[in-house]
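This report sets out selected features of a single protein model. Please keep the sequence and the three-dimensional view at hand while reading.

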Amino acid sequence: MNIFNIIGPVMIGPSSSHTAGAVRIGRVANKILDGALPAEVKIELSGSFARTYSGHGTDRAILAGIMGYKSDSPEIKDAFSIAKQKNLKYEIIAKDIPDTHPNTARISILCQDGKKRLVQGESIGGGNIRITQIDDMKVDFSGENNTLLVLHYDKPGLVAAVTSLMFEEYKTMNIATFQLTRAFKGGPAMMTIEVDGQVPETLRQEIKKIPDVINILLIKAI
């Protein structure tokens, strides 16, 4: 529990869940792009998001987050016109997504380089969020800590290789949470590692060199 959980976020908009939380989900999508520029965005809103998004500015909030703005950015209210200036096409769809939290957003992005990314997240109250899906992988992280997403093949010893590297070479780094998900045995898998403190760029580069690691992304605390 921290002061953010008690008093809520510094924010633009009428609702911490429907506006501030929505911005933060969008910001995770922005960070997942890892520098790529979005060309087209489809935002699916489920549950109460779908029913109240216009009045609470959830659509503007998520779009602003995708473009990199924070929950206290005055640009949120002008997100539609800013997206137009950036030639960013967007579509807002109200849709019930089964078996999800009432405040759920699914963001599908087509980047200018042709790559496609997907982020699904939940706004769980007070501006707090949970990210539940990245592309085809189930995940579970809050965005409050710096988070490493390690996409790899499900091979014996790979988890040990990554965590041993972190322990042996970066002894001051503390793992706050660790989660492993996989599509099927031996197939693509995802390590989600939330850490306390900063993540050196050298760590990312060294993890990339480990055999059977496909890619690694750092989602900086939002």
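Where in the chain is the place of Asn87? Asn87 is found in the loop between helix 5 and strand 2.

## Basis of the report

The model is predicted; local features need pLDDT of at least 70, side-chain atom pairs count only at pLDDT 80 or more, and totals for chains, interfaces and linings use all residues. Residues are numbered from 1 along each chain as its sequence is written, and side-chain values use heavy atoms, with hydrogens and water left out.

Most residues other than glycine have a negative phi. Asn87, although not a glycine, has a positive phi of about 60°. Its relative accessible area is 65%, so Asn87 is exposed (buried means under 20% relative accessible area, exposed over 50% and partly exposed in between, with a 1.4 Å probe and protein chains only). The elements named here are DSSP runs numbered from the N terminus, with helices (H or I) of at least four residues and strands (E) of at least two.

Asp34 also is not a glycine and has a positive phi, of about 55°. Asp34 lies in the loop between helix 2 (16-32) and strand 1 (38-47), and a relative accessibility of 47% makes Asp34 partly exposed.

## Helix 4

Why is helix 4 described as largely enclosed by the rest of the structure? Eight of the nine residues of this helix (residues 58-66) are buried, so the rest of the structure largely encloses it. The buried residues of helix 4 are Thr58, Asp59, Ala61, Ile62, Leu63, Ala64, Gly65 and Ile66.

Arg60 also lies in helix 4, but counts as partly exposed at 30% relative accessibility. The C-alpha atoms of Arg60 and Ile207 are separated by 36 Å, and these residues stand 147 residues apart along the chain. Just after helix 4, Gly68 takes a positive phi of about 100°.

## Pockets

Rolling a probe the size of a water molecule over the atoms shows where empty space is left. On a 1 Å grid over the protein atoms alone, a pocket is an open set of points where a 1.4 Å probe fits, with protein on both sides within 12 Å along at least five of seven lines; lining residues have an atom within 4 Å of a point. Grid points are joined across faces, edges and corners, and a volume is the space filled by probe spheres set on the points.

The largest pocket holds about 370 Å³ of space. It is lined by 18 residues, and those closest to its centre are Arg117, Asp135, Leu151, Asn215 and Leu217. Strand 7 (146-153) and strand 10 (213-219) each supply at least two lining residues; strand 10 gives the most, with three. By class, this lining has eleven nonpolar, one polar and six charged residues (Ala, Val, Leu, Ile, Met, Phe, Trp, Tyr, Cys and Pro count as nonpolar, Asp, Glu, Lys and Arg as charged, and the others, Gly among them, as polar). The second largest pocket has a volume of about 190 Å³. Among the residues that line it are Asn30, Ile66, Met67 and Gln112, and its lining divides into seven nonpolar, three polar and one charged.

## Aromatic rings

The model has one aromatic pair. Phe80 and Tyr90 form this pair, which is stacked, at 5.2 Å centre to centre and 10° between the planes (rings of Phe, Tyr and Trp, the last by its six-membered ring, pair if their centres lie within 6.5 Å; planes under 30 degrees apart count as stacked, over 60 as edge-to-face and the rest as tilted). Phe80 belongs to helix 5 (residues 79-85) and Tyr90 to strand 2 (residues 89-94). Phe80 is partly exposed at 22% relative accessible area, and Tyr90 is partly exposed at 33%.

Elsewhere, the charged end of Lys171 sits over the ring of Phe167, 4.4 Å from its centre (NZ of Lys or CZ of Arg must be within 6 Å of the ring centre and within 35 degrees of the ring normal).

## Contacts of Asp154

Asp154 lies in the loop between strand 7 and helix 6 (158-169) and is buried, with a relative accessible area of 17%. Its side chain makes a polar contact of 2.7 Å with the side chain of Arg182 (a pair of N or O atoms within 3.5 Å; within protein, one must be able to donate a hydrogen and the other to accept it, and residues adjacent in sequence count only if both atoms are side-chain atoms). The side chain of Asp154 also reaches the backbone nitrogen of Gly186, at 3.0 Å.
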